[in-house]
Every structure is written in structure tokens, then in C-alpha cells.
Amino acid sequence: MKEVDKNSKKQSDPRSPDATVQDSLVLPKADSLGLANAESVEIRGSTVTNYSSIGTSQIYQWLPHGLEASEIVFLPDVCPSRGPLPTGCSVRTTSPDWRRLALSDVGCGMQLLESTRSFDDFRESDWDALGRSLLKYKGGLGDLGGGNHFLDAIVSYKTGRLFFLVHTGSRLESGLLDDFVDQPATFDREYKRITGWARDNRDTIADVIRKHFGLCNLVLDLPHNTFEIEDDGAVTIRKGAVKTDPGVLSILPSSMTGDVALVRASEQVASSLHSVSHGTGRTMSRGDARNRISPTETAEIRNQVYIPEYIVDASLRTESTRCYRALDDCLDLLGPLVNVEERFGVIAYLGHLG
């Protein structure tokens, strides 16, 4: 099992110069035109603020053609997605057809639980049993899902206390919204129901965790695919971005073996449409990862993080450390938007069950 160093650590940068994010979408290299200092520019009537290391003109091409938006924010984890908007962005719009932008894994979010146990109380046998229990929930509430959805056991460097981080979405429920884009009342009702289903899904997983690890207190539960209708009639749509306000906590994981940060939003978060990253973002497509991540690398992951034997190496390749940006790179780009409250090391992983 991974030995947890109680001292805060820096990760090496896993970025690859020719990495792709989705099988058919190429992630450009960061260039000198990128607005790493989060300067804002005007593009076709939109105020565009870029907190990433990738050039604004390149990211802008990932947006839907003809997008009408007063403000657009690109966060450090920005990357193309198969949804209407790239992951890691927030858009403020008054366009009447805004609902077509608010699709894709609706209600997906993360839940952080604090255990009464410490690192020394963690038992691999309990973790194995937890994974087997979750297998029974496949297809219903409590389904952990696949892709980059996961359950991690993490340990605070500050206190040695054991925490659990759940990242999962609304599964097949989300796709039900596509047919209601032109039916606003039905869309909004279904959106609320599906977001609630996704929260119930995480709550069910939390209940299963408690059966194996005892009392766990909820620290936060935050979705990162949402929309918000504002008082003036404008709508802010967040894709892979967490809504936050000054003083509010959110969680920022990186890779399977990388650190996790608990961050608190500063007063300056208003400049990012009250949005922060939900992760550090992919740098390599799953297709590329299957071909480029070697058995040696997956073996090293198992040396650093406890993973039950019934989770196959093939699924680990697509979520390998090199597939994601380093945590410290993301925090540096977020800069004054957040302050790190606590940092955690990952000691065990569950994902791709069954």
C-alpha cells in the first residue's frame, strides 16, 4: 500500500506534448498566447477570461458555432468534450435556446466524507468488501459507474484522518434530457429530477461506505454540470465547473496517484462567474492511453495506491497518472481564486467495477 508522507508534496508534471483528450479531439499545446494570468479579452461580443495554460483562440474553437454569450470563463482543466460545451468552462448567456448547452452528464458531482478512523485503521480487506458490495448496486442507485468516476480513500496530511471521495454522475438518466430541449417546462422539471437522482446515487454509495467503515460525516456534495437562472433572466451554465461563492469549500482531485486539495473560494471568485475547477483535467485520450500506458506503469500505480485484484489493469490504463494534469499546475493557474485548506494523499481506489 502507498505510504503516506505527512509532509505536503509536489507532483511531477504528467503532461505530454501531443496528448489528446478525447479519441477524436486533439488538445493543443499551451502557447505563449495563453492567458495564464487570467486576463480578459473581447471576442465576438463575449468577455472571455482564460485561467488555463492553453491559448484562448484555440480553446474558443471548441465552443459551439454561433454561441451568444456575454461572459465565458475557461478554467485550468478545460478540455474538449462530446457535449455542447468543453469541460472546465462556464458560460453566461441570454440566448433563448440556452438549454441545448446544458446537456451531458447532468448532475455529475463529488461528495467528500470524513471518517472517524485514521490512516492506521484502514484495512485492505474492508476495501475489498466495499467494492464487492457496490457491485450489487450496478444499474441502480449506488452505481459507481465507469470512465473517470471513482471512489477514493484519502488521508489528510495534516491530521492523518481517513476521508472518502465519491465522484459519480447520473448514469443513463442524463441522456433522457436530450429530447426536451425545446420543451422548457419539461426540461427544467426533468433536469431537477435527474440532478436529485445523481445526489441520491452518491448518498447511496456513502451509506454503503458507512456499512464497511463506520461513521462518516458529510463534508460537502457539489455537482459540476449545472445551470443557474439569475435574477436578471441571464443563465450561467457550468460544464465540469463547480459553482461557488467566497468562503465556500470545494474539492479538487487530480490523478489516481496524485494529491487532492480541499480549497476555499476567495472574494475574487466573482471574476470567474463564481466557478472553480472540479479536477485538473485530462491530457491524454482514453484511446491513446490504452496504447501508450504500459503494464509497468499500471503495476507502479498498484504499488502506490491499493486497488483490489478484481479491478483489471486494462481499466487502469485509461485513468493512469499521465492522463491528467498535476494538481500544483492547476492550483497555480487558479491563483487568487482559491486558498488551499487541506491536502490529501490517495491510498486506495475503486472504479470500473464489473
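These legends go with a set of close-up views of a predicted model.

**View 1. Helix H3 and the glycine that follows.**
Start with helix H3, which runs over residues 184–213. H3 has 30 residues and reaches 43 Å from its first C-alpha to its last, close to the 44 Å expected at 1.5 Å a residue. Just after H3 comes Gly 214, with a positive phi of about 80 degrees. While you look along the helix, keep one general point in mind: an α-helix has 3.6 residues a turn, so residues three or four places apart point the same way.

Arg 202 sits in helix H3 and Asp 221 in strand S10 (residues 216–223), so the pair ties together parts that are 19 residues apart in sequence.

Now find Asp 259 and Arg 343, whose side chains meet in a salt bridge at 2.8 Å, N to O. Asp 259 belongs to the loop between strand S14 (249–252) and strand S15 (260–265), while Arg 343 is part of strand S17 (residues 338–350), so this pair ties together parts that are 84 residues apart in sequence. Both Asp 259 and Arg 343 are buried.

**View 2. A partly exposed salt bridge.**
Arg 117 and Asp 126 also meet through their side chains, with a salt bridge of 3.5 Å, N to O. Arg 117 has 24% relative accessibility and counts as partly exposed. Asp 126, at 22%, is partly exposed too. How many salt bridges does the structure hold? The count is 21.

Time for some rings: a search of the whole structure turns up eleven aromatic pairs. One of them joins Phe 122 and Phe 213, with ring centres 5.9 Å apart and planes at 15 degrees, so the pair is stacked. Phe 122 lies in the loop between strand S7 (109–118) and helix H2 (124–135), and Phe 213 lies in helix H3, so the pair ties together parts that are 91 residues apart in sequence. Phe 122 is buried, with a relative accessible area of 5%. Phe 213 is buried as well, at 1%.

**View 6**
Phe 187 and Phe 227 make a tilted aromatic pair, 6.5 Å centre to centre and with 35 degrees between the planes. Phe 187 is in helix H3 and Phe 227 in strand S11 (residues 225–229), so the pair ties together parts that are 40 residues apart in sequence. Phe 187 has 0% relative accessibility and is buried. Phe 227, at 18%, still counts as buried because the limit is under 20%. Which residues form an aromatic cluster here? Look for Trp 98, Phe 187, Tyr 191 and Phe 227, which form one cluster.

Methods. Residues are numbered from 1 along each chain as its sequence is written. This is a predicted model: local features need pLDDT of at least 70, side-chain atom pairs count only at pLDDT 80 or more; totals for chains, interfaces and linings use all residues. Side-chain values use heavy atoms; hydrogens and water are left out. A salt bridge is a side-chain nitrogen of Lys or Arg within 4 Å of a carboxyl oxygen of Asp or Glu. Buried means under 20% relative accessible area, exposed over 50%, partly exposed in between (1.4 Å probe, protein chains only). Helices (H or I, at least four residues) and strands (E, at least two) are DSSP runs, numbered from the N terminus. Rings of Phe, Tyr and Trp (its six-membered ring) pair if their centres lie within 6.5 Å; planes under 30 degrees apart count as stacked, over 60 as edge-to-face and the rest as tilted. The expected span of a helix is 1.5 Å times one less than its number of residues.
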